[in-house]
Each structure stands twice: as C-alpha cells, then as structure tokens.
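Hi everyone, thanks for coming. Let's walk through a structure together, and please follow along on the screen.

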Amino acid sequence: MLEKKGNRVKNKADEKWFEVLDFLQNELPKRHKSLYFKISEAEYRDQIQSLRNELNHLENPVIKTEIAKIVASVRDAHTSIDIPVYYLCPLEFYWFSDGIYAVNTAKSDEVLRYKRITHIDGVNI
C-alpha cells in the first residue's frame with residue numbers, strides 16, 4: 001500500500017531514496033571539507049531537488065546512476081559512490097551453446113529478456 005505525503009511515497013523501498021537525498025543535501029556538505037569548490041551550493045541543491053521531484057517515476061538503476069552523477073558533480077576524487085556494473089548496464093547475459101542471451105533485465109528493458117543477442121551496434125556476435 002502506498003500513501004502519499006507531500007512528494008514522498010510511504011513505501012519503505014521508495015522512502016530510502018528520499019533518505020539518501022536528505023543525506024546528500026544536509027550531511028554531505030557538513031562532512032566534506034570543501035564540497036562547493038567546483039560547484040555552487042545552488043547548483044548542487046538544484047540537482048538534488050530535481051531528482052527528488054522525479055524519484056517516484058524512476059527505476060532503482062536509474063536512481064542510483066543519478067545519485068552517482070550528483071556526487072560526481074562535486075568533482076572531488078575522494079568523494080564517490082561505488083555502483084556495481086549491473087546498475088550501469090542493467091542487463092545480465094548468459095552464453096548458452098547456441099549463443100548469448102539476455103537472461104535478466106531492468107523492467108524498462110523487459111522486451112530484451114530471454115532474447116538471443118546477435119549483434120551490438122551493428123557488430124555481429
């Protein structure tokens with residue numbers, strides 16, 4: 001059951017993303033020595049607010065990537081988020097005897113699930 005409260009969704013899985021964004025907005029500036037060295041505070045906060053506004057319409061892999069982009073926008077090599085490769089390319093492949101197949105996909109790419117991969121960007125496999 002989902003219950004809306006402002007722009008938040010009352011669902012534990014979805015609520016965690018708002019908590020992450022709250023941390024990025026409130027705690028990271030306190031804990032980072034010079035967060036606004038390469039980016040203005042307004043631009044940083046605008047990115048967070050923009051993602052907050054779209055959060056309920058995005059899938060987890062996209063949310064994780066957008067959060068990583070926000071963190072990367074501060075342009076500090078010591079401030080980063082590790083994202084497993086699956087979240088950068090939300091496809092899982094398996095090489096069967098008759099070819100390579102997509103065996104797991106993000107919901108947005110379900111049309112590819114269980115399909116044989118014959119070429120990528122015009123290159124035959």
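This is a predicted model: local features need pLDDT of at least 70, side-chain atom pairs count only at pLDDT 80 or more; totals for chains, interfaces and linings use all residues.

Residues are numbered from 1 along each chain as its sequence is written, and side-chain values use heavy atoms, with hydrogens and water left out.

Now, the strands. Helices (H or I, at least four residues) and strands (E, at least two) are DSSP runs, numbered from the N terminus. Two strands pair if DSSP finds at least two bridges between them. A hairpin of 2 residues links β3 to β4.

What is the order of the strands in this open sheet? It runs β3-β4-β5, 3 strands with antiparallel pairing. The edges are β3 and β5 (116–117), each pairing on one side only.

Next, let's visit a helix. Gln25 sits in helix α1, residues 12–31. Its side chain makes a polar contact of 3.2 Å with that of Arg52. By polar contact I mean a pair of N or O atoms within 3.5 Å; within protein, one must be able to donate a hydrogen and the other to accept it, and residues adjacent in sequence count only if both atoms are side-chain atoms. Leaving aside residues up to four places away in sequence, Gln25 touches Tyr44, Arg45, Ile48 and Arg52, where contact means heavy atoms within 4.5 Å.

Tyr44 brings us to the aromatic rings. Rings of Phe, Tyr and Trp (its six-membered ring) pair if their centres lie within 6.5 Å; planes under 30 degrees apart count as stacked, over 60 as edge-to-face and the rest as tilted. The structure has 3 such pairs. The centres of Tyr36 and Tyr44 are 5.9 Å apart and their planes are at 70 degrees, so this pair is edge-to-face.

Is Tyr44 buried or exposed? Tyr44 is buried, at 1% relative accessibility, whereas Tyr36, at 29%, is partly exposed. Buried means under 20% relative accessible area, exposed over 50%, partly exposed in between (1.4 Å probe, protein chains only).
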